[in-house]
Amino acid sequence: MELLALPDAVARIPDGATVALGRPPALGLVRELIRQGRRDLDLVGVPTGDIAIELHSSGVDLGEHGQAPAFGRAVESGALRVTDSTCPALLMALQAGASGIPWTPVPGLLGSDLMTRRPDLRVLEGMAIVPALRPQFALVQARRADPQGDAVIATTYDDRLLIQASSTVIMSVDEVRPGATDVLARGEQVIPAAYIDVLTVAPSEDAGAATERYLESISVHTR
C-alpha cells in the first residue's frame, strides 16, 4: 500500500482504462480524473450509478433526488455508449472476477431484452452465462484508515466485492489516524491494507451538497 497525494494517486490511471466506481462515489478522485483530462475510460457503476456518471451499469440516477437527466440526454443522443446490465448480472460478474473464473450463470435473464442487447452473453444448458468482470482500477471512498493502510468502509453497498475483483484499488479516505480500525460502529467493516494499492486523503463530500451542485450544473448547461 502506498500513501500518495490525490493528483499522484489518480496519475496511476491511464487513458482507456477500465475504472469501476463504488457507492457513494469517491468524488474527489472522480474530479481529479476530470481535471487531469483522462479520456476513453470504460467506466463501471457498481451496481448502479450515483452522482458520478458511468457507462457500464444497471442504472444511473441521483439517488433520492430522482433521475439523471443530463445522462439520459447523452445516451439518447449517442454521445455516450452504454453497456446495459442488471444488478444481479453485474454483481455476479464481479463475483466471478473476484473468484478467478471466466463465466458465471445468472438466473432471470432468459427472455429479457438484455439477452438481445448484449452479444457477450451466452446460453448454456438453459441458463444465461455472464462473463467475469475484472476492473483494472477501483475508486472507493472510505471513512478512515490507520497508518498501516487498513481502512473502514460502510457495509451498505458492494464495495468489498468490487475491491476483491479489481486489479488495482485506489482508495480515498476522510482521514488517516492511529487506531482508526480499533472500534467499528454498526454498519462498518474493515478492508485490510493487503487489498488496497493506493491510499489518498480526500474527505468525502456531503451527498446532498454534491447533488445540489450537480443539479445546478445541469440547469446552467440547459438554459
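Which residues does Leu94 touch, not counting residues up to four places away in sequence? In this predicted model, local features need pLDDT of at least 70 and side-chain atom pairs count only at pLDDT 80 or more, whereas totals for chains, interfaces and linings use all residues. Residues are numbered from 1 along each chain as its sequence is written, and side-chain values use heavy atoms, with hydrogens and water left out.

With contact taken as heavy atoms within 4.5 Å, Leu94 touches Val46, Leu133, Pro135, Leu161, Leu162 and Ala165. Leu94 is also among the residues with the most contacts inside the largest nonpolar core, together with Val46, Leu109, Val130, Leu162 and Met171. A nonpolar core is a set of buried Ala, Val, Leu, Ile, Met, Phe, Trp, Tyr and Cys residues joined through side-chain atoms within 4.5 Å, where buried means under 20% relative accessible area, exposed over 50% and partly exposed in between (1.4 Å probe, protein chains only). Helices (H or I, at least four residues) and strands (E, at least two) are DSSP runs numbered from the N terminus. Apart from this core lies another, of 18 residues, among them Leu21, Leu29, Leu33 and Ile170.

Most residues other than glycine have a negative phi. Asp40, in the loop between helix H2 (27-35) and strand E3 (42-45), has a positive phi near 60° and is exposed, with a relative accessible area of 68%. Glu125, in the loop between strand E7 (122-124) and E8, likewise has a positive phi, of about 50°, and is exposed at 82% relative accessible area.
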